[in-house]
Amino acid sequence: MEEKLMNDLEILKEFLSGKQYIKMREWMAELNAADIADMLEELEEEEMLKVFRILPKDMAADVFSYLPIEEEQYIITSLSDREATNIINNLMADDAADLMEEMPANVVKKLLANASQETRRDINHLLRYPEDSAGSIMTVELVDLKEGQTVAQAIERIRKLGVDSETINICYVLDNQRRLRGTVALRYLLLTEADAKIGDIMHKNVISIHTLMDQEEVARLFQNYDFTAMPVVDSEERLVGIITVDDVVDILQEEATEDMEKMAAIVPSDKPYMKNSVWEIYKKRIPWLLLLMISATFTGRIIATFEDALSAYVVLTTFIPMLMDTGGNAGGQTSVTIIRGLSLNEITFSDFLKVLWKEIRVSLMCGITLALANFVKLLVVDRVSLMVTLVVCTTLVAAVFFAKVVGSMLPMAAKRLGFDPAVMASPFITTIVDALSLLIYFRIASAMLGI
């Protein structure tokens, strides 16, 4: 795929350098819109705009919808009012609404003023829903049918509306108040007698999405039912739009990226890495780094408190990094597993005790295995005294135990309190576990070594 992109890009640049615009236009007319968008991203802004203007009109809106939001903003603000209006009118309503959300208010006002009445109505309809809700990501371009229509009438309606619809594979059957009554697949229409009534062949058990449902829950429903499209209804069960699987793919990517950034103690960003400036990246990273640095000072306080113990047994200092790292790794393993389970609804707060009991058993098995391996190493390789070895190995079991308990409890508690469990991921849990490991270490050392 990468090789094809580079080859096509070379051809495009040859057309540009030779000013062979007619040939370039004919060549691009045979390409896929997504592939053209990939090539445009690799060009300088002026070249990108020039190529976009040369695109066949019937392709321009399709290519535009595949571009990142930054390129979309540059193009739409660089085009003439007539050219920009043509793009907006030919975009799917959900794509147009996404663009409007990112544009300056004065540009949005101008674009909406020039857009067709239907386009303006659809965009305003989508913009009034909360961000990341089903209503904000749905599209209103769909094919709706009535129960009393015949199959022949339905097919005629599909021919009329299908060109501007997001999908025609599934059609939605409504009553006179636009309440959703059923669905019918295009293939059934093609295989059914022309005079059959839609109400007789429609599928009545419809799974629908509410407009205010969170987009992450929407993605979960698609995963559960393996649908390619799902209807979106309001509080009165009236059909207001549909969400298609291509939107869900974007949601899954967005949510996964956001969780990864939170788990790495980074404030989530909507932009790709290469689109963020140094200053923007700094602002996203520094808050958590400051918080974690301040919280990590507690480990220094703990070490200072037990300074006498360390001076009496200097060898104890050698094992501090190993104990802290092992505890942090054990807690990180558990937290990532639990956070993933929570995000997929495989784990709920009602499973708290089951999860805790399971992690207690896992922690003891892991802790004892690590302690036995360490016991042999300390006595045979490092030749440490038996008592110091026992202190280190006992601490290892206790540190892994508490790390896994904390790593399982904190994400579940965060979810219960309404926070994103991804926040309670590796960096945060590691800081807590480091302090716990040190406390346990010095307490055990004081008790067993009499210091």
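Visitor: What should I know before I start?

Guide: The model is predicted, so local features need pLDDT of at least 70 and side-chain atom pairs count only at pLDDT 80 or more, while totals for chains, interfaces and linings use all residues. Residues are numbered from 1 along each chain as its sequence is written, and side-chain values use heavy atoms, with hydrogens and water left out.

Visitor: Which residues of helix H3 are buried?

Guide: Buried means under 20% relative accessible area with a 1.4 Å probe, protein chains only. Helices are DSSP runs of H or I, at least four residues, numbered from the N terminus. In H3 (residues 33-41), the buried ones are Ala 33, Asp 35, Ile 36, Ala 37, Met 39 and Leu 40. Their cover includes H1 (2-17), H2 (21-28), H4 (45-54) and H5 (57-66).

Visitor: How do I read a helix pair, say H6 and H8?

Guide: Two packed helices are described by the angle between their axes and the distance between the axes. Axes are lines fitted to C-alpha atoms over the stretch in contact, with angles from 0 to 180 degrees between N-to-C directions. For H6 (residues 69-78) and H8 (residues 93-102), the axes come within 10 Å and cross at roughly 80°. The two helices are therefore roughly perpendicular (65 to 115 degrees).

Visitor: Which residues does Phe 52 touch?

Guide: Contact means heavy atoms within 4.5 Å. Leaving aside neighbours within four places in sequence, Phe 52 contacts Leu 40, Ala 60, Phe 64, Ile 75, Leu 79 and Ile 87.

Technical notes: Buried means under 20% relative accessible area, exposed over 50%, partly exposed in between (1.4 Å probe, protein chains only). Angles under 35 degrees count as roughly parallel, over 145 as roughly antiparallel, 65 to 115 as roughly perpendicular and the rest as oblique.
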